[in-house]
Every structure is written in structure tokens, then in C-alpha cells.
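Have a look at it first, then read on.

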Amino acid sequence: MCRNRARHETTIPRSHHFPFLLGRIGSVTAKPPFWIFDSASESDTEALGKRLAAALEPGTVVALVGNLGAGKTRLVRSVAAAAGVDSRQVTSPTFVLVQEYEGEWPIYHFDTYRLASSGAFEDLGVDEYFAGAGVCFVEWADRVADVLPADHLRIEIETTAETGRRFRLTATGAQGERVLARMGQF
Amino acid sequence: MTTAGSNLPRRLLAIETSCDETAAAVVDENLRVLSNVVASQTGLHKRFGGVVPEVASRAHVDHILPVIEQALSEAGTRLDDLAAVAVVTHPGLVGSLLVGLTAAKTLALLLDKPLIPVNHIEAHLFACRMHAERDVFPAIGLVVSGGHCNLYDCQGGRAYELLGSTIDDAVGEAFDKVASMLGLSYPGGPSIQKSAESGNRKRFKFPRSFERDRDRLEFSFSGLKTSVLYEIAGKPPRDYDPKTLDPQYVADIAASFQEAAIDVLVTKSRQALAARGRSTLCVGGGVAANARLRERLAAAARDDRFELILAPMAMCTDNAAMSAIAWELLAAGQTAGLDVDVTSGLVRRKPAGK
């Protein structure tokens with residue numbers, strides 16, 4: 001079903017009823033397109049996860065960037081739950097480095113926190129995961145920036161208050177742009 | 001029931017490569033540990049002329065044969081003497097598990113001996129059984145480590161029902177991350193314990209998730225971790241240099257955090273004992289080496305009159321000797337063919353109706 005959606009590519013709409021701010025509307029700019037989503041609570045974050053789940057396509061790599069406690073695993077749990085995964089299965093992959101969830105599509109959940117270098121990340125065989133039919137989430141993605149595919153969706157999470165979070169979604173290529181465009185349709 | 005041509009008890013080789021450690025052990029059918037080799041503790045890296053990479057299957061590939069050879073030689077055991085080969089097949093990192101499994105399959109095929117797949121977490125609990133040197137089940141089992149935080153109802157030596165686990169971070173991971181916030185060394189378990197010794201555990205009131213929800217035998221340590229960050233760096237957190245934190249403040253945070261985490265572990269264990277009507281608690285995994293946890297569990301055991309069996313310190317962290325649970329599995333005929341595969345995640349029972 002994700003594959004079908006990829007064919008119905010549309011531009012980002014000018015108006016919407018979701019608390020997103022559009023970083024770019026329509027024409028090409030020097031900067032990559034980005035969205036900002038301000039979440040006031042965990043239920044807002046859940047809504048974002050649901051929306052993201054509906055927009056993702058097979059082979060998407062999502063790079064998660066944010067400090068300890070920002071809510072990286074929390075966002076992945078929301079996406080996985082929307083994809084039909086028992087959310088109790090979605091726990092921090094810090095120790096095991098990668099967790100796999102079987103939802104409507106496979107989800108690979110990486111964490112580079114314990115890795116000494118991006119080479120060690122490569123040793124996990126991430127290329128094969130990235131090239132596969134699932135969706136990959138990479139926590140602490142900036143630690144392995146040189147190993148990530150050029151085209152990915154970057155999500156920076158910033159703590160703005162006790163339960164408040166600002167999500168900044170940036171596409172670095174055509175696939176990421178398609179995902180962002182689709183997010184505007186739901 | 002003895003090795004061919006001798007009266008010695010049968011021996012099995014156990015292999016463990018579920019995460020960072022490459023480990024092998026020889027254990028006889030009386031659960032006597034004849035050797036217990038863990039790559040990161042044996043100075044094996046010296047033989048490779050460099051630092052052992054912390055992770056990656058490649059490191060396991062480099063270590064697996066020397067580790068097996070060392071385990072056999074320390075146990076004075078030849079391959080021909082083995083009655084079976086046990087191997088951890090889950091949970092863990094797929095690439096890492098595969099290295100151990102491939103070695104184990106090869107040996108089992110070559111020697112024409114049974115291959116016994118072992119669950120790493122159940123093996124942690126079996127360490128308690130080995131330590132007690134008698135049957136300790138039925139019991140509630142608590143496995144606490146860097147990667148796991150699970151409660152089991154152990155009906156017998158090989159029948160463990162998962163009652164609940166962490167819904168976010170494992171408790172050992174919370175120790176590691178709080179240590180990093182405080183500028184304390186990795187791994188966080190020992191460094192927080194040490195710092196906490198001179199700290200005031202009542203200075204900060206950190207959350208104890210699900211503590212009062214006695215029907216919910218699950219853990220959550222993510223909120224605790226975030227609360228500690230907010231205490232140190234404010235809401236929203238500002239950038240700070242852990243090196244500038246006052247040592248007494250660090251000790252007080254360490255002590256207060258440790259107490260909050262341990263409170264939850266002790267409370268949930270008590271709730272599980274009550275829920276299942278058990279009178280024995282077995283505790284294993286790396287965090288079971290924490291002195292304050294051991295002290296608090298011992299106090300709870302006195303108050304509630306349950307029997308406490310803690311894994312011995314040497315068998316808390318990952319090792320292959322605890323895979324001696326394979327003797328129980330072998331006796332029950334739970335061996336595997338050469339087509340057995342590894343599983344990365346925790347195996348949960350499907351919810352009813354699915």
C-alpha cells in the first residue's frame with residue numbers, strides 16, 4: 001500500500017489543519033524542505049507518529065536526532081503502533097543496537113549510542129537494511145552521518161517544556177520529500 | 001550416562017555470542033562448571049595485537065574459535081568427550097547470534113551430538129539454580145541488565161512465563177545514561193553505585209513508574225532518566241558540562257536515582273510474588289551485581305518472608321556457563337535440528353485472540 005502512495009505524488013498543500021509550519025511551499029529553494037511540528041503532549045506526538053506512518057514508503061531511512069530523553073524511542077513507538085506493532089515490543093534498542101518489528105511493513109530500529117564509530121555501525125550490515133523493503137529508524141543518527149544514505153528523512157527533536165517537544169522534519173532527497181508531501185495530505 | 005570409556009559425568013560445551021561478549025564454557029551434567037571463558041576478560045585481544053572492537057559480528061568471528069579452544073583446554077576436555085553442544089539463539093543481535101549458532105551447528109554435525117538452543121534470559125535465571133545447587137523452582141524470576149528488565153513466573157527449570165518487561169529503557173541502560181549525564185564512567189552500574197555511597201538518596205524525589213499499579217508488572221525507566229536530566233539541566237534542558245557539576249550534587253543525584261530505580265525493581269518483584277503466590281525470588285543479570293539492590297532485596301525477603309536467590313557475582317554479567325540450562329532442555333528432549341535459526345527480540349506470547 002505504501003508503494004501505491006508513492007505514485008500519487010503531489011505538492012505540499014498551502015493550507016492544512018494540523019499544527020505544522022511549512023518550511024517551503026511549492027518552488028525549489030536552496031534549502032531542503034522542512035516541517036516543524038510542535039507537540040504539547042505525548043498524544044500530540046502519537047498523532048505525529050500516526051501521520052508519519054501513513055506517509056512513509058518502503059526503503060525510507062529516518063534519521064533521529066535529539067538529546068537523552070527527547071523522545072526518539074517514543075516517536076518510533078507511535079509510528080510502529082500505527083503500523084500494527086504491539087507497542088510494548090518497541091523498547092530502546094541502545095543495548096541490542098537494532099530491533100526489528102513486524103507490522104504492516106518491517107520496521108528496523110537502530111541505536112548508535114553505544115557505538116564507537118560509524119564503521120562499527122556499518123559492520124552491523126546496515127546497508128542491507130537500508131536497501132530492504134522496510135523502514136529504518138536510526139537513533140543518534142548524527143554519530144553515523146557518513147553511513148546514512150544521502151536521501152533520508154531527518155527528524156530533530158528538541159525539548160521545549162516538560163512535555164513539550166519541537167519536531168523538525170527535513171528531507172535530504174526525493175524520497176524524503178515525497179514522505180513530507182504525503183504528510184500534508186492526511 | 002557417562003562419557004564413553006570412563007566414569008566421568010557427561011559434559012557439554014555452551015556457546016554464547018548474543019551481544020558483545022564471545023563466551024564458551026564446559027559444564028558437566030551435575031552442573032559443575034569446568035571452564036567459563038569470556039573473550040573480553042581473558043586478554044585474548046592481546047593475541048590479535050590490538051584492541052578488541054566492542055561490537056560487530058566480525059569480532060565474534062575472530063574470537064569464537066580461540067574462546068572455544070580455551071574453554072575445552074581449561075576443562076581438560078576433548079571435542080570427542082562432549083555429549084552435547086548448547087548455544088544461545090535468542091534474544092540478541094542477529095549477526096552476533098549467528099556466529100555462535102554457526103559454530104555450534106558445525107560442532108554438533110561434526111560430532112554427531114545433540115544441538116540445544118538456549119534462551120539467554122532464561123539462562124540468566126538458571127544461574128540462580130546453579131548457585132543454589134538444588135531445585136529452586138517454582139519462583140519469580142527478575143532479570144535486570146543493560147539490555148533487559150523482565151519479570152518471569154518460573155514454573156520449573158525450563159518453563160518460564162514472561163509476566164512483564166520494560167516498555168522503554170532497560171534498567172542497566174538507565175544507569176549508563178544517567179552516568180553519562182553526571183560525567184561518571186561507563187558502564188554506569190559500578191560508577192553510580194560508587195558515587196551514590198557518599199550521596200543523599202532522599203535529596204531528590206524522582207518518579208517510580210507504575211509503582212502503585214500492582215496489576216501492571218511492567219517497568220518504565222525513560223521518565224526517570226528524563227527527570228534526572230531536567231534536575232541537572234532544567235526544563236527545557238540547557239547545554240552543560242558534566243565536569244562542572246559539584247561532586248556532592250553528583251553523588252546526591254546518583255544516590256537518589258539509584259534508590260528510585262531500585263525501589264521499582266523491589267516493588268515489582270514483591271507484586272509479582274504476591275500475584276503468583278510464589279515464595280522464592282531469583283535475580284540475575286548484570287544489574288543484580290549492584291550492592292544496594294542486593295541489600296534492598298535481602299531486606300524485602302526478610303520483611304515478606306520469601307527466599308531470595310541472587311546469581312553469584314561472576315555469573316551476573318554475560319557468560320556461557322549459565323547455558324547449563326541446556327541439561328534440563330536435553331532431558332526434556334528439547335534439541336534442535338540444523339535448520340534452527342536465531343531470533344533477535346524477546347519472545348512474547350501473542351495476546352489472546354491473535
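Predicted model: local features only at pLDDT ≥ 70, side-chain atom pairs only at ≥ 80, totals over all residues.

Residues are numbered from 1 along each chain as its sequence is written, chains are lettered from A and ligands numbered from 1 in the order in which they are written, and side-chain values use heavy atoms, with hydrogens and water left out.

**Where chain A meets chain B**

Let's start with the two chains. Chain A puts 26 residues into the contact and chain B puts in 29, where contact means heavy atoms within 4.5 Å. Together they bury about 2500 Å², with 56% of it on carbon and sulfur atoms; buried area here is the accessible area (1.4 Å probe) that two parts lose on being put together, summed over both. On the chain A side, Leu68(A), Arg88(A) and Phe95(A) lose the most area to chain B, and together they make up 26% of what that side buries.

What about charges across this interface? The rule finds 2 salt bridges between chain A and chain B, a salt bridge being a side-chain nitrogen of Lys or Arg within 4 Å of a carboxyl oxygen of Asp or Glu. Arg88(A) turns up again here, as its side chain meets that of Glu218(B) in a salt bridge at 3.4 Å, N to O. There are also 10 residue pairs in polar contact across the interface of chain A and chain B, both residues being at pLDDT 80 or more. A polar contact is a pair of N or O atoms within 3.5 Å; within protein, one must be able to donate a hydrogen and the other to accept it, and residues adjacent in sequence count only if both atoms are side-chain atoms.

By class, the side of chain A that touches chain B has 11 nonpolar, 7 polar and 8 charged residues.

**Two domains in chain B**

Chain B is assigned domain 1 (11-125 + 316-331) and domain 2 (137-312), with bounds from an automatic or database domain assignment. The contact takes 12 residues from domain 1 of chain B and 20 residues from domain 2 of chain B. The C-alpha centres of these two domains lie 29 Å apart.

The two domains of chain B bury about 1300 Å² between them, and carbon and sulfur atoms give 69% of that. In domain 1 of chain B, Ile121(B), Leu125(B) and Cys316(B) lose the most area to domain 2 of chain B, together 54% of what that side buries. Between the two domains, the count of salt bridges is 0, and the rule finds 2 residue pairs in polar contact, both at pLDDT 80 or more.

Is Thr17(B) buried or exposed? Thr17(B) is buried, at a relative accessible area of 1%; buried means under 20% relative accessible area, exposed over 50%, and partly exposed in between (1.4 Å probe, protein chains only). A polar atom of the Thr17(B) side chain lies 3.2 Å from the backbone nitrogen of Gly100(B).

Gly147(B), by contrast, counts as partly exposed, at 23% relative accessibility. Leaving out residues up to four places away in sequence, Gly147(B) touches Phe95(A) and Ala170(B). Gly147(B) and Asp169(B) are 22 residues apart in sequence, and their C-alpha atoms are 8.0 Å apart in space.

**Salt bridges within the chains**

Over all chains, the structure holds 31 salt bridges. Here are three of them.

| Salt bridge | Closest N to O distance |
|---|---|
| Glu156(A) and Arg168(A) | 3.8 Å |
| Arg270(B) and Asp304(B) | 2.8 Å |

Arg270(B) lies in helix α7 (residues 247-276) of chain B and Asp304(B) in helix α8 (residues 291-304) of chain B, so the pair ties together parts that are 34 residues apart in sequence. Helices (H or I, at least four residues) and strands (E, at least two) are DSSP runs, numbered from the N terminus. Arg270(B) is partly exposed at 29% relative accessible area, and Asp304(B) is partly exposed at 39%.

Technical notes. Nonpolar A, V, L, I, M, F, W, Y, C, P; charged D, E, K, R; others polar.
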